Amino acid sequence: MNETMRAKARAHANIALVKYWGKRQLKLNLPDVGSISLTLEGLTTETTVHFDLRLTHDRLILNGEERPEDSKRVSEFLAGIRKTAGLSCFATVTSTNNFPTGAGLASSASGFAALALAATRAAGMDLEDAELSALARQGSASAARSIFGGFVEMSRGKKINGEDCNAYQLAEREHWPLKVVVGITSKARKSVGSTEGMLSSAKTSPFYKSWVDTHPADLSSMRDAIAEKDFGRLAEITESSCLKMHSVMMSTRPSLIFWNGVTVELMHVLTALRKEGVGVCYTMDAGPQVKAICLPEHASRVEDAMRSVAGVEDILATGMGIGACHLKDVS
Ligand code: PMV
C-alpha cells in the first residue's frame with residue numbers, strides 16, 4: 001500500500017510514423033487500425049496524483065491552472081482505477097507539459113501515459129508495462145504507445161474485449177537513434193477533438209475504407225524499414241501514411257483541415273531538401289505542426305531550413321526517448 005496515496009510520473013509524447021485515425025470500439029477505446037511511433041525525448045509531461053480523503057471531487061491543475069472543463073475526462077479515467085484499487089476518495093492531479101498543450105503535439109499521449117502510471121502507483125498498484133499501456137489506451141489510444149520508449153507498435157487486434165489490442169516496443173532507441181525537429185506553426189488549441197473527428201471520418205469520408213484496408217501493408221513495410229534502418233523506405237511510408245490520414249480528414253463532412261499555410265510551406269521545403277539528398281521526411285497529426293523525422297547527421301541542416309520559413313513560431317529539436325517512468329521525488 002502507498003501510505004501517502006501520492007505518486008509522480010513522467011512520460012514522453014510520441015509521433016506516429018504509421019498513423020492511427022478511427023475507432024473500432026468506443027467504450028474500450030479500441031483503434032480501427034494499428035500504428036507505429038517514435039517516443040520523443042524532449043516533449044514531456046510530469047504528473048502528480050494525490051488521492052485525498054478531504055476532497056469532494058477530482059481536481060485537475062494543468063500547467064499551473066485549475067481546469068474544471070478538462071477534469072471530467074480525467075475523473076472518468078480515475079474512476080476505473082478507484083474501482084480496481086478499492087479506493088473511494090477523489091484526487092488532485094497536477095500535470096505540467098514542457099510543450100504547447102492540445103495543439104497537435106500529442107499532449108494527450110504523454111498526459112494519459114503519465115496519469116496512468118502516477119494514479120496506479122498512488123493507488124498502491126504496481127502494473128506491468130503491458131497492463132499500464134492497456135489502461136492508458138482507455139484515456140487516449142496514442143497514450144498506450146507512450147508507455148514504451150524507442151520504436152513502438154500498437155496493434156489493432158480483433159477481439160471485442162480488446163485483449164489483443166496492445167502496444168509493445170519494436171526496437172530500442174539505440175537501434176537507430178533518429179532525430180525529430182518540430183516546426184510550431186501555431187500554438188492555438190485545436191478546434192475539433194480527435195474522438196469526434198474520428199467518428200465523423202468513419203461515417204462520412206469516402207476514403208475511410210481504403211485507409212483501413214491499406215494499413216496492414218504500411219505497418220509491414222515500416223517494420224521492415226526500421227529493422228533494416230532503411231531511411232528511404234521509412235520516409236516514403238511515413239509521408240504516405242500522413243497524407244492518407246489527412247485525405248480522410250479533409251474528405252470528412254464537415255471537413256477537418258488541420259493545416260495552415262506555413263504547414264504546407266514546410267512540407268515543400270522538406271521535400272526539396274530530400275531531393276537534395278538530405279535524410280528527412282515530414283509528418284503532421286491533428287494540428288498544424290510539422291514534425292521532421294531525420295537522420296542525426298542531417299538534423300542541424302533540417303533545423304536551419306525550417307527556422308528560415310516565415311511564420312514558423314518556434315522549433316523543438318529532440319531525439320528519441322524512453323518509456324514512462326515513476327519519479328521518486330514527489331514535489
Ligand atoms: O491522441 P489520440 O489517441 O486521440 O489520437 C490522435 C491520433 C493522431 O495523433 C492524429 C495520429 C497518431 O497515430 O498519433
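N63 sits in the loop between strand 5 (59–62) and strand 6 (65–66), where helices (H or I, at least four residues) and strands (E, at least two) are DSSP runs, numbered from the N terminus. This is a predicted model, so local features need pLDDT of at least 70 and side-chain atom pairs count only at pLDDT 80 or more, while totals for chains, interfaces and linings use all residues. Residues are numbered from 1 along each chain as its sequence is written, and side-chain values use heavy atoms, with hydrogens and water left out.

Back to the backbone at N63: phi is positive there, about 50°, although N63 is not a glycine. With 35% relative accessibility, N63 counts as partly exposed; buried means under 20% relative accessible area, exposed means over 50%, and partly exposed is in between (1.4 Å probe, protein chains only). N29 is another residue other than glycine with a positive phi, this one near 60°. N29 lies in the loop between strand 2 (23–25) and strand 3, and it is buried, with a relative accessible area of 7%. A further backbone feature is the cis peptide bond that joins R253 and P254, with omega about -10°. P254 belongs to the loop between helix 8 and helix 9. As background, most residues other than glycine have a negative phi, and most peptide bonds are trans.

Now for the helices. Helix 7 (residues 215–228) and helix 8 (residues 231–250) pack at an angle of about 150°, and their axes are 9 Å apart. Here axes are lines fitted to C-alpha atoms, for helices over the stretch in contact, and angles run from 0 to 180 degrees between N-to-C directions. Helix 7 and helix 8 are therefore roughly antiparallel to each other, the word used for angles over 145 degrees. On the helix 7 side, the contact (heavy atoms within 4.5 Å) is made by residues including D218, M222 and D224, and on the helix 8 side by residues including R233, L234 and I237. The contact residues divide into 5 nonpolar, 3 polar and 5 charged; Ala, Val, Leu, Ile, Met, Phe, Trp, Tyr, Cys and Pro count as nonpolar, Asp, Glu, Lys and Arg as charged, and the others, Gly among them, as polar.

Two of those contact residues, D224 and R233, also meet through their side chains in a salt bridge (3.8 Å, N to O), a term for a side-chain nitrogen of Lys or Arg within 4 Å of a carboxyl oxygen of Asp or Glu. D224 is partly exposed at 31% relative accessibility, and R233 is partly exposed at 28%. The structure holds 24 salt bridges. Another of them pairs D32 with R156 (3.0 Å, N to O). That pair links distant parts of the chain, 124 residues apart: D32 is in the loop between strand 3 (30–31) and strand 4 (35–52), and R156 is in the loop between strand 8 (151–154) and strand 9 (167–171). D32 is buried, at 12% relative accessible area, whereas R156 is partly exposed at 31%. R301 and E276 form a salt bridge too, with their closest N and O atoms 2.6 Å apart.

Finally, helix 3 (residues 129–139) has L132, S133, L135, A136, R137 and G139 as its buried residues. Those residues pack against several elements, among them strand 3, helix 1 (68–85) and helix 2 (107–122).

Conventions:
Angles under 35 degrees count as roughly parallel, over 145 as roughly antiparallel, 65 to 115 as roughly perpendicular and the rest as oblique.
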